[in-house]
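Me: I'm new to reading protein models and I'd like to work through this one with you. Could we take it a question at a time?

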Amino acid sequence: MQIQLIDGVFSRQDATALLAEMTAVKIRFHEGKISHSANAEDIKMREQKIRQLQNQLADIRKAMIGEGSIVIHADALIDG
């Protein structure tokens with residue numbers, strides 16, 4: 001199954017805001033899992049994932065400097 005998450009043309013400011021919000025949701029998800037986990041390996045993996053998401057968001061913010069529009073297509077592909 002495939003779910004369309006984002007499909008459109010956005011200003012750079014709106015694109016940054018939208019991607020930042022999606023990243024924040026993913027980070028909150030991992031933080032919630034960490035707060036309910038006693039498994040050290042799981043916590044370490046989720047902390048690493050959070051750092052990766054934060055780094056990706058910083059890269060997005062750098063790439064979005066300037067004027068003009070951005071096209072974003074984002075789908076979730078669900079297998080199983």
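Me: Is His 30 buried or exposed?
Reply: This is a predicted model, where local features need pLDDT of at least 70, side-chain atom pairs count only at pLDDT 80 or more, and totals for chains, interfaces and linings use all residues. Residues are numbered from 1 along each chain as its sequence is written, and side-chain values use heavy atoms, with hydrogens and water left out. The labels work like this: buried is under 20% relative accessible area, exposed is over 50%, and partly exposed is in between (1.4 Å probe, protein chains only). His 30 has a relative accessible area of 10%, so it's buried.

Me: Which residues is His 30 in contact with, leaving aside neighbours within four places in sequence?
Reply: Contact means heavy atoms within 4.5 Å. His 30 itself sits in helix H1; helices (H or I, at least four residues) and strands (E, at least two) are DSSP runs, numbered from the N terminus. With those neighbours left out, the contacts of His 30 are Arg 46, Lys 49, Ile 50 and Leu 53.

Me: How do H1 and H2 run, roughly parallel or roughly antiparallel?
Reply: H1 covers residues 12–35 and H2 covers residues 40–63; they pack at an angle of about 175 degrees, with axes 10 Å apart. Those axes are lines fitted to C-alpha atoms, for helices over the stretch in contact, and angles run from 0 to 180 degrees between N-to-C directions. Under 35 degrees counts as roughly parallel, over 145 as roughly antiparallel, 65 to 115 as roughly perpendicular and the rest as oblique. So H1 and H2 come out roughly antiparallel.

Me: What does Thr 23 touch, not counting residues up to four places away in sequence?
Reply: Thr 23 is another residue of helix H1. Its relative accessible area is 10%, so Thr 23 is buried. Skipping those close in sequence, it touches Leu 53 and Leu 57.

Me: Which side chains meet in a salt bridge?
Reply: Side chains of opposite charge can pair when their charged atoms come close. For a salt bridge, a side-chain nitrogen of Lys or Arg must be within 4 Å of a carboxyl oxygen of Asp or Glu. The structure holds 1 of these, and at 3.2 Å, N to O, the partners are Asp 42 and Arg 46.

Me: How far apart in residues are Asp 42 and Arg 46 in helix H2?
Reply: Arg 46 is buried, at 13% relative accessible area. Both partners lie in helix H2, about one turn of the helix from each other, and that spacing is 4 residues.
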